[in-house]
Amino acid sequence: MASPRRRPAMSPVAWAIGPAVLLFVVFFVIPFATMALLSFLSGNPANNPNVSFTTRHYERLIGDSLYFEALVATLRIGAITTLVALLLGYPLAHLMARIHSRVGHALLLMAVIAPMLTGIVVRTFAWMTLLQDRGVINATLMGWGVISEPLPLMYNEFGTILALVHIYVPFMVLTLTGVIGRIDERLEQAARNLGANRFQAFLEVTLPLSLPGILAGSLLVFALSISAYVTPFLMGGTDVLTLPMLIYQQVGASFNLGFAGALGVVLLAVSLVIVVAYNNVLGRFAGGEKMA
Amino acid sequence: MSRRRFDPVRAAYLTLNGAIVAFLLTPIAIIGVFALNPTPYISFPPVGVTLRWFDKFFTSPEFMNALWLSLQVAVAVLILSMLIGGLCALGLARGNIPGARILTACFMSPLMLPAILTGLALFQLYLLLDIGRPVWGLIMGHTLVAVPYVLRTTLAVLHNFDRRIEEAAAVHGAGPLRVFFEVTLPLIQPGVVAGGIFAFIVSFDQFPISLFLVLPKGETLPVVLFNYMKFDLDGAIAAASMVSILMAILVVVLLEKTIGLKTYVKL
């Protein structure tokens, strides 16, 4: 094989992406196109020959404030989750990027990655055992006589957000660590030599330089948390209604595929904006230094 | 630098981080308590130690069928995503494809777009094609979200290795196939394997896509757990959760042994 730099023409190795392209088109592009198409149809063309184009699913979506409120609730839960995940994730990411002990670094990494690789259903269950009326927190506080009635920790937005933060903090930490790790520690040292104290050095050197990481991590956590289904369903009770919950309801209970599709298109549109922004942030940050 | 002197700022910094690590790990650890606590519902503090929940989990045909299906699907996803993702990484890194960067972003996008929508979209497509909900359809859905992990780890390895090794082999008379099998493949193998391990656990834990694509009585373990939890919270869920947690710990150890967790973080 000749060097690629002298010969910019495509090499036969390019064919290796074939299976991935096929997978991507057949099981990703076509299904999403189907979803978008169904959202404009009056029924399922597979079993109903008299299907016509309609915008009634979108009219219903706009006409009923329930759906708008669900969208707002979804975005609000996503935003609060992202903010809290950033506040908890930043210090840990900073420590991981700056720790000198190799063992310490490996242990911290494991502490972050092991929860991330535990299933979402399992982690939601963990929070239910902690937050329910007879759960760990309420039972302990009542045992100590601090409270006489269990605190309403679950079946509301609070419990939902707490569990979501726990589930998505690792993504924030991993994104931030990569970015903070690439900031030269000597810059902060130089600021301190010039008379800045530790806080000033952090606020004026490290924090601004880690802004791409903050942005990328926040976009990632936001994208993940607005599409969560299990946690709001189990932890939110009747208090929380999000877009993903509505979507599954339309399929599981009402079997209204067109309307589910319309709700899906709305969630997809929000997510696409986030994905494009995320790739822009990371692309600009990485610059030409790596292709991946 | 006097490290011995007590430094209140550093102490506060470390305490804060200790608390954050505790926040990450305590909920997972607490499940172990409920898996062993004999009361018929989740209650705290524990009153004893029993293995009845593990017994209930491992003797229930419902749980066992689900566990077996989840394992089978995860193994299929592991193999498929290593093949598809490994090849794709090679093509992207070595094929001089115009717009390789945008293509990479496209292939990674199933990770960022809501998985629940991927599930819904596949469900609608299968319904339109009238093919029912076959297991291979579920496997392909999982593979779609698993390939990005293999792609990521393999691209990382490809990015780090020196192309001149391949060129040296070619200069010394090795044909393209021989270069591939004796130089390139051994070099990218850790990346592909690590990605495969990720693919396995991603599939094993996958929920939103499975929710739409499984049949009643043919559900994967996370879906069975979810349906059970809607009505009942007892130690059997905790015992089942322990299986998932142990699997995650095993995966972390395996990853550290194959490429090192650090490589994963660098991306």
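Predicted model: local features only at pLDDT ≥ 70, side-chain atom pairs only at ≥ 80, totals over all residues.
Figure 1. Chain B holds twelve helices and zero strands. Its C-alpha trace spans about 70 × 70 × 30 Å along the principal axes. Of the 267 residues in chain B, 50% are buried.

**Figure 2. The contact between chain B and chain A.** Here 86 residues of chain B meet 84 residues of chain A. On the chain B side, helix α1 (residues 8–36) gives the most, with 13 residues. By class, the side of chain B that touches chain A has 66 nonpolar residues, 13 polar and seven charged.

**Figure 3. Helix α1(B) and its bend at Thr26(B).** The bend is about 35 degrees. A proline, Pro27(B), follows within four residues. The end C-alpha atoms of α1(B) lie 40 Å apart. At 1.5 Å a residue, its 29 residues should span 42 Å, so the two values agree.

**Figure 4. Buried residues of α1(B) and the helices they pack against.** The buried residues in α1(B) are Ile20(B), Leu24(B), Pro27(B), Ile28(B), Ile31(B), Phe34(B) and Ala35(B). An α-helix has 3.6 residues a turn, so residues three or four places apart point the same way. From chain A, the packing partners of the buried residues of α1(B) are α3 (65–98), α4 (102–116), α5 (120–131) and α7 (157–181). From chain B, they are α2 (52–59) and α11 (235–258).

Conventions: Residues numbered from 1 in each chain as written. Chains lettered and ligands numbered in written order. Contact = placed C-beta atoms within 7 Å. Helix = DSSP H or I, 4+ residues; strand = E, 2+ residues; numbered from the N terminus. Nonpolar A, V, L, I, M, F, W, Y, C, P; charged D, E, K, R; others polar. Expected span 1.5 Å × (residues − 1). Bend = angle between axes of the 7 residues up to and from the residue. Buried ≥ 20, exposed ≤ 12 C-beta atoms within 10 Å, placed from the backbone.
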